[in-house]
Amino acid sequence: MNLRRRRTALAGVGALTAGLLLTSPQSAQAANLVQNPGFETAGTDDMPYCWEKSGWGDNDFAFATVPDAHSGARAMKVTLTRRTEGDRKALITESADCAPAVSAGRQYDLGLWYKTTTPDANITVFRHDTTAGWQYWTDLKTLDTASAWTPATVRTPEVPAGTDRITWGVSVYGTGSATTDDYTMDQVPDVVPPDRCTGTNAQCADGTWSVLPTRNPVRSMHSVVLSNGKVLLIAGSGNSEENFDAGTFTSAVYDPAKGTYKVVPTPKDMFCAGHVQLQDGRVLVMSGNKAYPVAGGHGYEGFKDSYVFDPKTETYSRTNDLNDGHWYPSATELGNGDVISFGGLREDSTGSVTAELWSDGDQRWQPLWKVHQTWSYWGLYPAMILMQDGRLFYTGSHVFGNNIPGTGSAIYDYGAGTVTQIPGLRNKDERDQSASVLLPPAQDQRVLTIGGGNIDSNPDANRLTDVIDLKQPDPSYVAGPPIPQGTVDLGNGRTAETGGQGKMYVSAVLLPDGKVLETGGALHNRADPVYESSLYDPGTGTFDPVAADPESRGYHSSAFLLPDGRVMATGDNPGNGTWNHNVSIYTPPYLYQGSRPAITSLIDQEWKYGDTQRITVDRPIARAELIRPAAVTHSSDPNQRFVDLPLSVDGGNVDLNVTNNPNIAPPGWYMLFAVDANGVPSVARWVHLTGPSALSAAAPHVHSFADSLTGKVAGPGEKRAAQKVSPTISGCDRHYGSVNVCVPTVFPPEVKRTATARCAWLKRNHYGRLRVNGGDDPLGLDRDRDAIACGKGDVPRR
C-alpha cells in the first residue's frame with residue numbers, strides 16, 4: 001500500500017510561460033507512453049505489471065482485476081464501500097521502469113476508457129521532482145457516472161521545471177466503483193509559433209503605462225470589478241473630514257468600454273469598509289467609518305451597518321447589521337457562498353474580536369450565537385485566504401503597525417475553533433500594507449507575500465518576499481526573491497533606491513498569462529512614493545522589472561485586472577491630505593505579441609462544479625483559466641484567484657474541465673480567458689459558477705494538505721468584548737492640522753529629531769499650514785506656542 005500519498009513534499013508549480021502551440025491530439029501512430037495500458041500483463045501484490053495500489057484515509061476499499069474489459073481480457077476496478085475521508089486509486093507504478101518520462105514545459109494528452117457507479121471519481125496526476133521526489137501534482141478531470149464504457153481525455157498543464165516523470169490514474173473518493181481500461185498518454189506536438197512583436201522592443205519586453213484623459217471623480221480607495229465588466233469605485237467620505245461633516249459620501253461606476261464615470265449616491269461613509277462579491281454578482285459592503293479621531297480622545301470608529309450594491313440597478317440597499325463595528329475588516333467568501341469577516345475597529349475605537357458570518361442562504365448576517373468564535377483579534381484588513389479544505393490561511397499581510405503576536409501567520413480552522421501558528425514569515429512586524437496573493441493556479445495552493453513596512457516605527461519599507469506551499473504536511477514560509485528596486489521621490493525628485501529599500505502599499509494583480517504584476521507603493525508612511533513595477537513568474541520564482549506607473553500610488557491606491565487583459569491603477573492619498581485623481585492603465589507585454597485568440601462561442605454561461613464546458617476558439621490555445629474579479633483595497637484582495645481549467649482538445653472545440661472543489665473556486669462570476677502559446681490572452685468572457693450539477697452531484701476531492709502542523713495551537717479563548725487599541729493606530733498625530741492630514745507620529749529614519757528637520761520634511765512633502773489642536777505639542781513643532789506648527793518662530797533662522 002502506498003501511504004506516501006497522505007504526505008506531500010515541496011510541490012512545484014507549472015511553468016506558466018508559453019512553450020507549446022497546442023493543436024489537435026497526437027496522431028494515432030505516436031507511441032503510447034503508458035506501459036501495460038490494458039492491464040493484460042500480471043505483476044505483484046495482486047496488481048498488473050507497472051500498476052500499484054495507492055490512496056489514503058479512513059475508508060473500506062478493494063482493488064480487483066476484472067474480466068469486464070473495454071478491450072482485451074482485463075480491466076481495473078477500484079471500489080469504496082465505506083468512506084469517512086480520503087481516496088483510493090490505481091496508479092502507474094512510481095519507478096523509472098514504469099512511470100512515463102516527461103520534459104519540463106511540455107504538455108501531454110491523457111486518455112482512458114471507464115465505467116463508474118459514483119460521481120466522485122477524478123483523474124489525478126503525481127509528478128517526480130528530481131530534488132523533492134514523488135508528490136501530488138493536480139486533479140485534471142471529474143468523471144461523470146457511466147454505466148457503459150465511456151472515453152475520457154484531458155491535457156496536462158505544462159510540466160513544471162525539475163519534473164522528469166509523472167504517474168496518474170483515477171481517484172475514487174466516494175462510495176461506489178470506477179472500472180478503467182486502455183490508458184493512453186501522448187506528448188502534444190511541439191509546434192511553436194514565431195514571436196510577433198507588434199510594438200517597440202521596449203513595449204514587447206516591458207509593456208506600457210498610459211494616463212487616462214478623464215480623471216476619477218471621487219476619492220475612491222475601494223475598487224470592485226463587477227460581473228458586467230464595469231468597476232465600482234467606493235469613496236465614502238474619501239478620507240476627507242470636510243466631506244464627512246457635510247455628509248457627502250460618494251461612489252462611482254467606471255465603464256472601461258466607454259471611458260466614462262457615473263457618480264452613485266452612497267448612503268453611508270464606506271471609507272475603509274470591507275467588500276466582497278456575492279455569488280449572484282452583487283457586492284456586499286460591510287462597516288465603514290462612524291467617526292474620525294479626536295486629538296486626545298477617541299480614534300477611528302467603525303459602524304455596524306452593512307449594504308449590498310446591485311450592478312444591475314447601480315444602487316445600494318441595506319442588509320441587517322453586523323454584530324459589531326468593523327472599520328477595516330477582512331472579507332473572505334467560503335466555498336458554500338457564505339462570507340466570513342474578522343478584525344477592524346469597533347464603535348468605541350477598540351479592536352473587534354468578533355467573527356462575523358454572512359449566510360448566502362439566509363441573505364443576512366448571522367446572530368452572534370450562530371457564529372463560532374475564538375475571540376481572537378486579527379488586526380486591520382487581515383489577509384485571510386481560503387484553502388482547498390475550507391480552512392483559512394492568514395498570510396501575515398495586514399494594515400497599520402505591528403502584526404499579531406507569535407509568528408505573524410496562521411491557519412484558522414473555523415469548524416474546530418483553532419488557530420495554528422505557521423512559521424517562516426520574515427520581519428513579521430514590518431508587513432504592514434504588504435500584498436499577499438494565492439499564486440496561479442489556485443490548485444497549487446502557494447501564497448506569495450510582497451514587501452511591507454510599519455507606520456508606527458516608520459522604517460524604510462522592505463524588499464522582502466516570502467512564499468509558502470500549503471500542500472506540504474507542515475507548511476512554512478521560505479524566502480523568495482527580493483522585489484526589484486525602482487526610484488523613490490523623497491521630496492527633491494526621484495533617486496534610485498539603495499540597500500534594503502523596498503515598498504509598502506503594494507498592489508499585486510493576477511494576469512491571464514499566469515504571472516503576477518506587482519506595482520505601486522511608497523517607502524514610508526503616506527510619503528515618498530516608489531516608482532517600480534515587475535512581473536513575478538511562479539514557475540521560475542523570479543521577478544522581471546517592467547515599465548513603472550508614472551503616477552504615485554501609495555496609501556489608498558489600488559490596481560486590478562480588467563476583462564480586456566489590461567490593468568487599471570487608481571488613487572494615492574499622501575499624508576498632506578491631497579488625492580491623486582489620475583487613473584493609469586497598464587498594457588502588459590503579452591498585448592504586444594500579435595493578434596489575440598478569441599473565444600468564438602461559449603455554449604453555456606452557467607457552470608457547475610465538476611462540469612465539462614465546451615468553448616470554440618478561432619485558433620489553438622495553450623491554456624484556459626477562470627480569474628475572480630478584483631475586490632481590492634489597501635493592498636488587500638484575499639479572494640483574488642486564478643483557477644486552471646484543464647483542456648480536452650478537438651481542433652477548434654475545447655472542453656474545459658471545471659474543478660469539483662468550491663474551495664478552489666468559490667461560487668460567483670469569473671472572467672474566462674483563453675491563452676495561446678505566446679501567453680496572449682483572449683478578451684474575457686463572463687461565466688457564472690455555482691453549485692454542483694443535479695445530475696452528477698459530485699463531491700469535492702479534498703486532499704490531506706497541511707495535516708501535520710507543528711506550530712503552536714490555540715483554541716477558543718475566554719469570551720471578551722474587545723482588544724485595546726491605541727487611538728494613534730493610523731500612524732497619524734492628530735495634534736496637527738485637520739483630521740485628513742497625517743503628520744506621522746514617527747518620522748522616517750533619515751529625519752533628525754529636531755523641529756528644523758521635521759518642519760523641513762513637512763515642507764518638502766507639501767503639508768502647508770498646520771494648526772495645533774489643543775495645548776499639547778508632542779513633536780515639538782510649535783516652539784513659539786502660537787498654535788501654528790512649523791511657523792516662522794518655530795524654525796531658527798540661519
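**Backbone, sheet and salt bridges**

Analyst: Arginine 785 is exposed, with a relative accessible area of 53%. Exposed means over 50%, buried under 20%, partly exposed in between (1.4 Å probe, protein chains only). The model is predicted, so local features need pLDDT of at least 70, side-chain atom pairs count only at pLDDT 80 or more, and totals for chains, interfaces and linings use all residues. Residues are numbered from 1 along each chain as its sequence is written, and side-chain values use heavy atoms, without hydrogens and water.

User: What is phi at arginine 785?

Analyst: Phi is near 55°, a positive value in a residue other than glycine. Arginine 785 sits in the loop between strand S56 (770-771) and strand S57 (788-789). Strands are DSSP runs (E, at least two residues), numbered from the N terminus.

User: And asparagine 427, where is it?

Analyst: Asparagine 427 is in the loop between strand S29 (418-421) and strand S30. Its phi is positive too, about 45°. Asparagine 427 is partly exposed, at 43% relative accessible area.

User: Which residues does a cis peptide bond join?

Analyst: Proline 440 and proline 441, with omega about -15°. Proline 441 lies in the loop between S30 (435-438) and S31 (446-450). Most peptide bonds are trans.

User: Switching to the sheet. What is the strand order?

Analyst: S35-S34-S39-S38, an open sheet of four strands with antiparallel pairing. The edge strands are S35 (494-496) and S38 (522-524), each pairing on one side only. Two strands pair if DSSP finds at least two bridges between them. The twist averages 30° from one strand to the next; axes are lines fitted to C-alpha atoms, and angles run from 0 to 180 degrees between N-to-C directions.

User: How many bridges between S34 and S35?

Analyst: Three, in the antiparallel sense. Aspartate 489 has arginine 494 in S35 as its bridge partner.

User: How many salt bridges in the whole structure?

Analyst: The search finds 28. A salt bridge is a side-chain nitrogen of Lys or Arg within 4 Å of a carboxyl oxygen of Asp or Glu.

User: What does aspartate 305 pair with?

Analyst: Lysine 268, with the closest N and O atoms 3.3 Å apart. The pair links distant parts of the chain, 37 residues apart. Aspartate 305 is buried at 8%; lysine 268 is partly exposed at 25%. Lys268, Asp305, Arg318 and Asp321 are linked in a network of salt bridges.

User: And aspartate 129, buried or exposed?

Analyst: Buried, at 12% relative accessible area. Aspartate 129 forms a salt bridge with arginine 127, and arginine 127 is buried at 0%.
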